[in-house]
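Subject: Structure handover

Hi there,

Here is the structure I promised to pass on to you. Could you have a look at it alongside the notes below?

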Amino acid sequence: MEPISAPPIDLISLAPVLVLAVFGMMVLITDLFIGKDKSVLVFISLTGLLMTTISSLAKYNLPVYSFNGAYVVDHLSVFFTFIFCISSALAILISVDYNKREGINVGEYYSLILFCTLGMVLLASSTDMIMIFLGIEIISISLYILAGIQRKNTKSNEAALKYFLLGAFATGFLLYGMTLIYGSTGTTKLAIIAKVIGENKILSEPLMLMGVVLLIIGFGFKVAAVPFHMWAPDVYQGAPTPVTAFMAVGPKAASLAAFYRIMSETMPELSYSWETLLCVVSVLSMFIGNLGAIMQSNIKRLLAFSSVSHVGYLLIAIIAKNSLSSSSLMFYMLAYAFMVFGTFGIVILLGRKGEENLELENYSGLAYKHPVIALTMTIFLLSLGGLPPLAGFVAKFFIFSAALKEGYVILVIIAVLNSAISFYYYLRVIVFMYMKEPIKEFHISLTPMTLLVIAISAFGTVQLGIFPDPIIALAQAN
Amino acid sequence: MYLTFLTFLPLLGAILLTLIPRDEVGAIKQTALAFAVTDFVLSVFLWTNFDLTTHEMQFEYSVPWITSWGINYHVGLDGISLLLYVMTTFLTMISIIASWGVTKYIREYMIAFLALSTGMLGVFISLDMFLFYFFWEFQLVPMYIIIGVWGGPRRVYAAVKFFLYTAVGSLLMLVAIIWIYKAIEEQTGVATTDLIFITENLELPLAPQKWLFLAFFLAFAIKVPMFPFHTWLPDAHVQAPTAGSVILAGVLLKMGTYGFLRFNLPLFPHASYEFMPMIAWLSIIGIVYGALVSLVQEDLKKLVAYSSVSHLGFVMIGIFALNHYGIQGALIQNINHGISTGALFLLVGMIYDRRHTREIKEFGGLAKVMPKYTVCFMIIALSSIGLPGMNGFVGEFLILLGVFQNSGMWAACATSGVIFAACYILWMFQRVMFQKLDNPKNENLPDMNTRELITIIPLIVLVFWIGLYPKPFMKTFDATVEHLLVKVNPDNFRPVKPGSSHSKHAKLIKIEDIARLNHQ
């Protein structure tokens, strides 16, 4: 009997995942021995994320493949690991004061964020469909729990249940799509699938195409692209605000990274089959997201719809499938992370116990009571809309130039018109802040951790807008 | 570097203002004024040091900004932008003096104005498309805030409309900019958004030229505003505070005409020729329509706002006469409109401060109670009509001369605008200043005070200066216009006729075309 040889594994390249797993469990164990005060857990989690970031930079000779080409550490995954660590760290910081205020006193909260981050790193680094599936599941299950972590709050419960049901459904689609692709190519490894497609050795073309469509549906659910976005507004509204911010950035970035690997890197030759479909999804996401946001009077729902429209822009990068698209995806997600955490940070600041102040009216006259907060909010909103000199503009410029390079002029024109529509509702918030009289007193407790997150985000948004060069160079380095 | 310093000086002032406590109203106003005056005085040195003999960019400064994309911070002035630059600093100063009476959130007001000033100045000096877009959008926010916070009763509507109109236009321009960025990379192998490099090296066939022209056209035509994209203007003007209107009319609209001269003509000369009749007719419609609508306005400010549509129609038709007289006239008319209409808005603002109404029928016989005001108003009104000896005449005369060389028909139609202008301005003047003083509320109106005189008198001086001796102004853009006309000369892109004297140049272009086709 021949011995089964162990597949080659590069442990150093796996360090980020291992560190995250260790720290996640450490948080769980430490939680057993401490009392009500959870600040130690915050400290451990942040240390873990910092170590992850450092360890992700350990490898110089990229890409490194492990597990027979099922897991890769390349430029894309390192950059995304960086984004995940930043966004998770911001999410933890933003939660500290919020959790105290809302009485979320569970240690699992922090370990779930770490495990979710672990899932994201796995997802962004996997080059095998089974690994992709595992990554998505780790992320999703952590998020189901996080969304419902306020057990006494019915809204939170509703959000969790809705997210779980629809998410499970989407997973089904995804898995089915993967099965069909496996059936028609005989492998789950993306590299080999690409080879099979390149040599035109697909066993059954209809099965393959069906699989691709199902994959798009599955990923569409995960990133909340129209027409699979229906869960997003309810879940965003119901989940605790820091969790909302968290799931608007990291998991979405990870899913898009995997989506990019499958579509743009593995199946560019099949683009005739998925390109049109993805264009439709992208255009619909932009339109429905933006038009939907106009109708909203609740800031969290507004931001949920706006995030749907941002997915529309991001899909353009995947459609472009050229050398610029991966780097533009990275830059956009980093910029988006800062903008989203900044905005949600201010949303959290405005609330207090039992009174979240999520209606747009609650922002009336903010500029006259708290000019600095209103100004930072304005910066984040205009950046989301894509106004220079802010990060959102450079990010959009990046994606649009990737698309125009391939000649997608109409798609880009639709995207910029959507940016104009989006200005309408971002301006509406600004109108409330600057041009209306206050309707009631503001009770803003300037909690230090939340302020720190806002300050970091504001710095990031402006810095990436005015001096984006280092980050662009980093993103384009491959 | 000097130019950069001047451009960011107001922003520096704005940042400094945030440090002054909110209640120190006097200090806030004085600091803002000090920065505006310094900026103006220093910018006059640009004019005196300006080399009139060359069309090259002057006071140039270029440093790499986003090296990965070949984007530079590249600024400079030439004949087209010099006067607009100086006028911007000048009108900013005037506006700040004119805003002395503002009481609501004065610190934020001044910050917005100074930030706006930096944005506008940046637009005029940018020689990099990315940088240009950067400033172009940047100035939107302070203006939006100025209209939306310190404006009239329907200010929110007007502010949002202003923002969205401009945003739609400029976003399509952004697509065009990125397209050019990609095209120049394909053609020359250099990825850059540097305007000078692109102007010299970009070679486009007619079809893409037309599309790109239209994308830029939309952005600038909305800003100018040309008929039928003018509908945001009356709202914005009427709702904006006085100083906001002055800047809006004096500088922001000029950014549109400036854009045509800086981008559309040199980058897409062939398309400019193709679209010349369309733009000429749109301008003529604008001229006549603006004048006719002004005629029936009940509100003084609305009247002035619509007259802007008419005046800017003149500027546009002058630019698209595509000859020396036309473009020179358009450039000087740019300045004239800034002076005359700016002054009209100031004057209307003064009467509004006193009576809190701008309805024409509320007034009558003001000449008796406010003689100084009436004289100033009359001078400005006549300059707006274009009376010989005043600035308006020089501009309109040159423009019509230029247009006449192209088409007598266009010139005839456009001239009717001058007549209508006389009608609406003089009729309004008669109803407000003369007739019987029958409204008791008007009997005790105070005449202009010193501060108000300070804002108006420099403008009146300029009215006569340009009207009687325009040479120092005209000289600044002579060389640049000359060069621009070489660039848009139809010989550069006319199809080759056998034996034509230009066949050599045409052949050159053809060879490049073939090379490009092969490349593709």
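Below is what turned up, going from the overall fold to single residues.

One thing to keep in mind first: this is a predicted model.

Let me start with chain A. It contains 19 helices and two strands. The radius of gyration comes out at 22 Å, close to the 23 Å that the globule rule gives for 478 residues, so chain A is as compact as a globular protein of that length. Along the principal axes, its C-alpha trace spans about 75 × 60 × 40 Å. Of the 478 residues of chain A, 58% count as buried. If you look at contacts in chain A between residues at least 6 apart in sequence, 80% of them join residues at least 24 apart.

The largest nonpolar core has 378 residues, and the members that touch the most others are I316(A), A335(A), A403(A) and I317(B). Leaving aside residues up to four places away in sequence, A335(A) touches A391(A), G392(A), V394(A), A395(A) and L464(A).

The two chains also meet: 26 residues of chain A are in contact with 27 residues of chain B. On the chain A side, helix 16 (391-405), helix 17 (409-435) and helix 19 (469-475) each supply at least two residues. Helix 17 gives the most, with 12 residues. By type, this side of chain A divides into 21 nonpolar, three polar and two charged residues.

Back in chain A, T244(A) sits in helix 10 (residues 241-266). Is T244(A) buried or exposed? T244(A) is buried, because 26 other C-beta atoms lie within 10 Å and the cut-off for buried is 20 or more. Its contacts, not counting residues up to four places away in sequence, are Y236(A), A239(A), K300(A) and F344(A). K300(A) is 56 residues from T244(A) along the chain, yet their C-alpha atoms are separated by 8.5 Å.

Finally, some backbone details to check. Most residues other than glycine have a negative phi, and most peptide bonds are trans. Here are the exceptions I noted:

- V224(B) and P225(B) are joined by a cis peptide bond, with omega about -15 degrees. P225(B) lies in the loop between helix 9 (206-223) and helix 10 (232-239) of chain B.
- The peptide bond from F227(B) to P228(B) is cis too, with omega near 0 degrees. P228(B) is also in the loop between helix 9 and helix 10 of chain B.
- N68(A), a residue other than glycine, has a positive phi near 55 degrees. N68(A) is placed in the loop between strand 1 (64-66) and strand 2 (71-73) of chain A, and is exposed, with 11 other C-beta atoms within 10 Å.
- F59(B) is not a glycine either, but its phi is positive, at about 50 degrees. F59(B) belongs to strand 1 (residues 58-66) of chain B and is buried, with 20 other C-beta atoms within 10 Å.

Best wishes

Note on methods. Residues are numbered from 1 along each chain as its sequence is written. Chains are lettered from A and ligands numbered from 1 in the order in which they are written. This is a predicted model: local features need pLDDT of at least 70, side-chain atom pairs count only at pLDDT 80 or more; totals for chains, interfaces and linings use all residues. A nonpolar core is a set of buried Ala, Val, Leu, Ile, Met, Phe, Trp, Tyr and Cys residues joined through C-beta atoms within 7 Å. A residue is buried if 20 or more other C-beta atoms lie within 10 Å of its own, exposed if 12 or fewer, and partly exposed in between; C-beta atoms are placed from the backbone. Two residues are in contact if their C-beta atoms, placed from the backbone, lie within 7 Å. Helices (H or I, at least four residues) and strands (E, at least two) are DSSP runs, numbered from the N terminus. Ala, Val, Leu, Ile, Met, Phe, Trp, Tyr, Cys and Pro count as nonpolar, Asp, Glu, Lys and Arg as charged, and the others, Gly among them, as polar. The radius of gyration is taken over C-alpha atoms; the globule rule is 2.2 Å times the number of residues to the power 0.38.
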